[in-house]
Amino acid sequence: MTKKAEILVAMSGGVDSAVSALICNEASGECIGATMKLFDSELLGRPIESGCCSVDDIDDAKEVCHKIGIPHFTLNCKEEFTKHVVDPFVAAYLAGRTPNPCIACNKHLKFDVLIKKAKWFGADIIATGHYAKIEKVESSLSNTNALVLKRGDDPRKDQSYVLHTLTKEQLPHIVFPIGHLSKNEVRDIAAAHDMIVAEKKESQDICFVENGSVDNFISHYTKLKNIERPVKQATFVDEQGQKLGTFPANHSFTIGQRKGLNLAMGHPVYVTNIDKENNIVTIGEKEDLIKEQVVATDFNWISISPKIGDKIACTAKIRYNMKDIECTAIVNDDNQATFVFPDGVSAPAKGQSVVCYDGDIVLGGGFITSAK
C-alpha cells in the first residue's frame, strides 16, 4: 500500500469495511469513506429497515468514519445498480438461469463505478472489506512476477470466488486490508477500537431480495416495470421426458434444487435441467446432476495470459461455498473456456460462475453457459 496515496474505502456499514478503513487510515493517513446508495423502497416493494442501503447502515458507516477521523460520503449509485445488477438478475431468472448478483455488483459497481468515482476525490486506490488478497507473486503457470488475486487467509470467509471479474488493469488500484485476517480477528480489532459495528450481524441473503424469496421479488419487480409474463403453467418431466406434473410457470427453479418441488416421488429428486423456452423443468436423481464438462463464457483471465488451445491443469469451483476440485481448463478462444472434471462436478447451473485456481492464486473465471 502506498503510504502517501489517498484511499477511498467502500463503507457498507459492517464490521469488515470498518476495520478496512481503520487499517488504511493508519497506513496512509489520507483516507475517505464512501457508502454507495444502491436502491430504494420502490425497487424492493418494502421499507428498507435494515441491511444494505438502509438508513441504519449508512448511519453506522458515518459513525465509524467519525470515530476513525475520516470524512464520509454517500454516493448515489441507484441508476447503475438497477441497470447492471437488478435488471440482468431478473432477466436471467426469467430465462431459466441462476445468476449471482454479488458478482455483477462487484464488477460494475464496486470495481468500476467506484474506481471512477474515487478519482473525483483525487483517490487512485479503493479499499473494500473483502476477504481476499492482491500480491506480487510468481504463479507456477506464469513467468512474470506480477500482481495476482489470491484467496483470503481464512478459508471460511474467502471471497475470491466473487471477485473473478477483476482485471489486471484494476489490481494496482485496489487493496483488501483484511484479506490476511480471520473474521474473529476483525471483530477483535473493531472491539478494541470501541466500534459500534464490532458485533454486527452479517447479511446472508441477496441484499435486495427479502427473506431469500426470489419469486416474490421478481413478481413485484416485473409488475413495477410492466414486464409481461403471459405463460400461466409449465411442466415437470423425468429424464425420459415423461410428464410428472405441472407448476406455475412464473415459479423460479435452479439446477440442483430439491426442496419446494411438491412432487410425491417417494424419494429425493432434483431439478436437473431448465428449458424456459418450452417451460419444461426436468426432474432426476442425484447422479443425473453430475457433469464432466462445463463451458464458461465472458471468461476473464486475471493472473495469466494463456493462448487459444492451451490446456491448464488447475482446480475450480462452480459455487461460492464449495471446495474446488481438480480439473483441466481448455482455452477455446479469447473469452471462452471448457473445464473437464475427471470425477465429475455436481449441479453446474447456467448463469453461475466457474472460477479456477493455481493453489491460492485465482487464475480466472467466467459464467457457465452449458454442461454435459
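**Notes on the model**

1. Phe299 counts as buried, since its relative accessibility is 6%, where buried means under 20% relative accessible area, exposed over 50% and partly exposed in between, with a 1.4 Å probe and protein chains only. Trp301, at 9% relative accessibility, counts as buried too.

2. On provenance, this is a predicted model, in which local features need pLDDT of at least 70 and side-chain atom pairs count only at pLDDT 80 or more, while totals for chains, interfaces and linings use all residues. Residues are numbered from 1 along each chain as its sequence is written, and side-chain values use heavy atoms, with hydrogens and water left out.

3. Rings of Phe, Tyr and Trp (for Trp, the six-membered ring) are paired if their centres lie within 6.5 Å, and planes under 30 degrees apart count as stacked, over 60 as edge-to-face and the rest as tilted. By this rule the count comes to 15 aromatic pairs. One of them joins Phe208 and Phe217, whose ring centres are 5.1 Å apart and whose planes stand at 55°, so the pair is tilted; both residues are buried. Phe299 and Trp301 also form a tilted pair, with 4.6 Å from centre to centre and 50° between the planes.

4. Helices (H or I, at least four residues) and strands (E, at least two) are DSSP runs, numbered from the N terminus. Helix H1, residues 15-28, has 14 residues and reaches 20 Å from its first C-alpha to its last, close to the 20 Å expected at 1.5 Å a residue, the expected span being 1.5 Å times one less than the number of residues. H1 is mostly covered, with 11 of its 14 residues buried, among them Val15, Leu22 and Cys24. The covering of these buried residues includes strands S1 (7-10) and S2 (31-37) as well as helices H3 (55-68) and H6 (183-192). After H1 comes Gly29, with a positive phi near 75°.

5. A cavity is a set of points, on a 1 Å grid over the protein atoms alone, where a 1.4 Å probe fits but cannot get out, and lining residues have an atom within 4 Å of a point. A search of the whole structure finds one cavity of 30 Å³ or more. The largest cavity has a volume of about 80 Å³, a volume being the space filled by probe spheres set on the points, which are joined across faces, edges and corners. Its lining has 14 residues, of which His251, Phe253, Ile274, Lys276 and Val281 lie nearest the centre.

6. Leu114 has its place in helix H5 (residues 101-120) and is buried, with a relative accessible area of 0%. Leaving aside neighbours within four places in sequence, Leu114 is in contact (heavy atoms within 4.5 Å) with Leu8, Ala10, Met36, Leu75, Leu109 and Ile126.

Key: On a 1 Å grid over the protein atoms alone, a cavity is a set of points where a 1.4 Å probe fits but cannot get out, and a pocket is an open set with protein on both sides within 12 Å along at least five of seven lines; lining residues have an atom within 4 Å of a point.
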